[in-house]
Amino acid sequence: MNDTQLVRMLALIIAQSAPLMLAVTGETITERGGVINLSLDGSMLIAAMGGFVVAYKIDLLLQAAGISGNFFPLMAGFSTAALIGMLVALLIAWGSIRLKQDQVAIGFVLTLLLADVANFLGQDYTRLPGPRVKHLPIPLLSEIPILGPMFFNHDLLIYLTFAIVGIAWFWMFRTQPGLRMRGVGERPESAFARGIGVNRVRYLYTALGGALVGISGAAYSLDIKLGWSDNHILGIGWIALAIVIFGGWRPIRGALGTILYGITKALAQKLQTTFPQVPVVLFNSLQWLLMLGVLLLVGSSGIRRLIDYAPARLQQPLAQALRVAPPQALGTAFVDD
Amino acid sequence: MRVELQEIRKIFGDVRANDGIDLTFEPGKIYGLLGENGAGKSTLMKILSGYQPPTSGQILLDGQPISFSAPDDALNAGIGMLYQSPLDFPPLQVIENHLLAYDNRLILKLEDGSEELKAYARRFGFEIDPERYVDTLTLGERQQMELLRLLALGAELLILDEPTTGISAEQKEVLFSTMRRLAHDENKTIVLVSHKLEEVQELCDQVAVLRQGKLIGTQDIPCPTSILVRMMFGEEIPRSEQPAFEEGPVVLQINDACIHTYRLAVEHIEFEVHEGEVIGFAGLEGSGQGLLLRACAGLIPLRSGEILLDGKPVKGKRSPVFWLPYLAYAVFIVRLIWLLVELILGRIRGVQLAGGIVVALLLSGAIWLVGTIIESWTSVAPYHEFYAQGGAFVPAGRLDEGLVAGLSLTEHMILAAPEHSFMVNWNAAREEIQKRINQVNVVGRPESDVAELSGGNQQRAMIALLNAPLRLIMLEHPTRGLDVTSANHIWGLFQQRRREGTAFMFISADLDELLERSDRIAVFSGGRLIQIVRASDTSVEELGYMIGGEQV
């Protein structure tokens, strides 16, 4: 494999990781506010189906009217998907906040239910060619050697994904509303005492995160994989949920996690063709073993003890970098009386 | 700012938590709000700080009636409350905690804010690092942090709810001198909610006493303590008599014990505890007394030396198959060497080596997993041996270590009972816990979830769960959060056990309690056992010196 091949492969990995990155960012936002949306696998499927069907239908209508171009069908498709994702997420928030039901339970049931609903409603639309997001290299930036093809030779959705990850990070750690959101996810009773409408904040960020998850689902049917098919994205939602944990509930680390996931996946494929005699299962489980290993290492007391030996100036940033803890109030309802 | 409470009533169901309370707080003064547990102090202060509305009555600020719908309303009006467990955000950094909901600017001013916070802290004599995470701070530091935030947001009247519970004596000194400065130099109003008479006497200018939801009266300080006691309880409480202790057989023997953690080293501890004896541990928090107690319970290992309970070391039992996990390592290494030899001899290729390593990993991993499971099932933890030999340990962290949040008192009883049968006898457990609830005066029913009990009642519940007879009971802060009558009652129960031969070791931050309840006091400082003194031969002042590390 020479250099250009490697760069091309990395560029492909990044492009393939982008939709997952969007889902991970969305779920990170939702969970940081204290709500756990476990329905990802189902809601991404139904958003992918809904988004595709709407885009496909509008595309047909416009073609019949003699208007060409993908812009409107795609906008309509992604908006529908965002709306579906948002509604599913809000259902979980509502079930938790108003009905006082367990978020994990609602999420599980929705996952199973929505996957079946998506299959049922979308059965007439499988494997149809539909509109697709257009490739759009950024003029000057894509000329940069190595970095250009890796990051600036994609389509608009992927650039938007990068931007969203950056904005999510900035919002969480550098702005007042983001800090309030984290406060709500960590200790709602303290947030309430400071005049923050805990449940209002939770609805807001659950909806926002859900919308991103929906768009991510549609990206699978309208961008990186053409057309809708139920087994396109089965299981991706669970992978996203796992990467949220791996990323320690931080947007940038989550994004890096998706790229790492993409790399190990590509590596597994490569290894598989190189060593055909080794069972496939082994290589497929490689990425999970790797993640498990990293998590165990980061969380181990040995690492913490090692930090104590580091120079005093480095201890704080090191400890901070290795802090992996879920938002303390994750998955619990807040009752203000 | 002058704050007046007029005819405040708060009724929960048919309980009158506050019953027509009239109080006035003038600027520049420190007020004490005194009463036993459940007298209505916390309810009244929650109303004043906007956390809950009164059933009837009103609050006047400088003569203007005002009503609060949320705590931030009260803070905007200049009333700030420091809760007993501060309402902060433990996973966030100090500066983030400070800036959260501080203003409405979009972008956080993390750096400028940190500088301001540091300068502000220095002004009040606090030392605070804005970069640290709140969950690495002590309770006292978290209090200081919250206090600074309330002051920075313009609080004119500060309510402190039992602020000295769980903080060190040093932090208490800093807190009290800051309070004096705020009131007397900066004309702020301070309200100290407490059930500790000495604290109120030490700090306050005037005290208001509540009993059963009613205001009994106000009293200027200083005044004879007996007046306050009579107001609080309606009668004078006689000091309970400490029965004379006769030296019996040795229950616990500590021989040259050393405990090392990466924070603190406790060195060369040596003493004996006899039947029916009460030993109090004095010292600043984290001076080694807690570690020693845990080591005696078998919860942390000794570096060297030994601890004998009734002549038997508290060590637990190693599993007869403790070598199983090591076998796994051995299998892996042997297989690896074998593979390498085969590779060198040219009998296998690189791919087969890789596959062989993976298979060896899986095999030894399986042995290791099964081995550790069998090992953990066949070994006995040191604490369990301690427990089986009639030892008991009541930790300070009520819901962290002592009780299981989410389980009822009856379920705790089942877990704590010395005899376990396969099927649970619910009726017997319910009867037993009801009996113990009555004995210890826990306010709660057998089916109450322990997390819903008040702090004082959780404390009582832990004591109710102690079985009888026991050889040794070890307690951390046994009466923290309890008022004088409850504390007397609990120590009364302990006296009974003493007569049956149970020995006691307890940690307390309250020097009076140590002097009153112990036969001997062991004083710790910086990991060293400074001295063991007879309680009857020492005084609060002497103890104070020794805690500071001086031999008397």
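This is a predicted model: local features need pLDDT of at least 70, side-chain atom pairs count only at pLDDT 80 or more; totals for chains, interfaces and linings use all residues.
User: Are the residues of β18(B) buried or exposed?
Analyst: A residue counts as buried if 20 or more other C-beta atoms lie within 10 Å of its own. In β18(B), A503(B), M505(B) and I507(B) point one way, while F504(B) and F506(B) point the other way. On both sides the answer holds, as five of the five residues in this strand are buried.

User: What is the handedness of the β-α-β unit that β17(B) and β18(B) make with helix α17 of chain B?
Analyst: Strand β17 (residues 472-476) of chain B runs parallel to β18(B), joined by five bridges. One bridge links M474(B) with M505(B). With helix α17 (residues 484-499), these two strands make a β-α-β unit that is right-handed.

User: Which strands stand at the edges of the open sheet of four strands in chain B?
Analyst: The order in this antiparallel sheet is β12-β11-β14-β15. Each edge strand has a single partner, so one side of it is left without a neighbour in the sheet. The edge strands of chain B are β12 (265-274) and β15 (312-313).

User: Which helix packs on that sheet?
Analyst: Look for a helix touching β11, β12 and β14 of chain B. Its direction makes about 120° with that of β11(B). Covering residues 289-296 of chain B, this is helix α9.

Conventions. Residues are numbered from 1 along each chain as its sequence is written. Chains are lettered from A and ligands numbered from 1 in the order in which they are written. A residue is buried if 20 or more other C-beta atoms lie within 10 Å of its own, exposed if 12 or fewer, and partly exposed in between; C-beta atoms are placed from the backbone. Two strands pair if DSSP finds at least two bridges between them. A crossover is right-handed if, with the strands pointing away from the viewer, the path from the first strand over the helix to the second runs clockwise. Two residues are in contact if their C-beta atoms, placed from the backbone, lie within 7 Å. Axes are lines fitted to C-alpha atoms, for helices over the stretch in contact, and angles run from 0 to 180 degrees between N-to-C directions.
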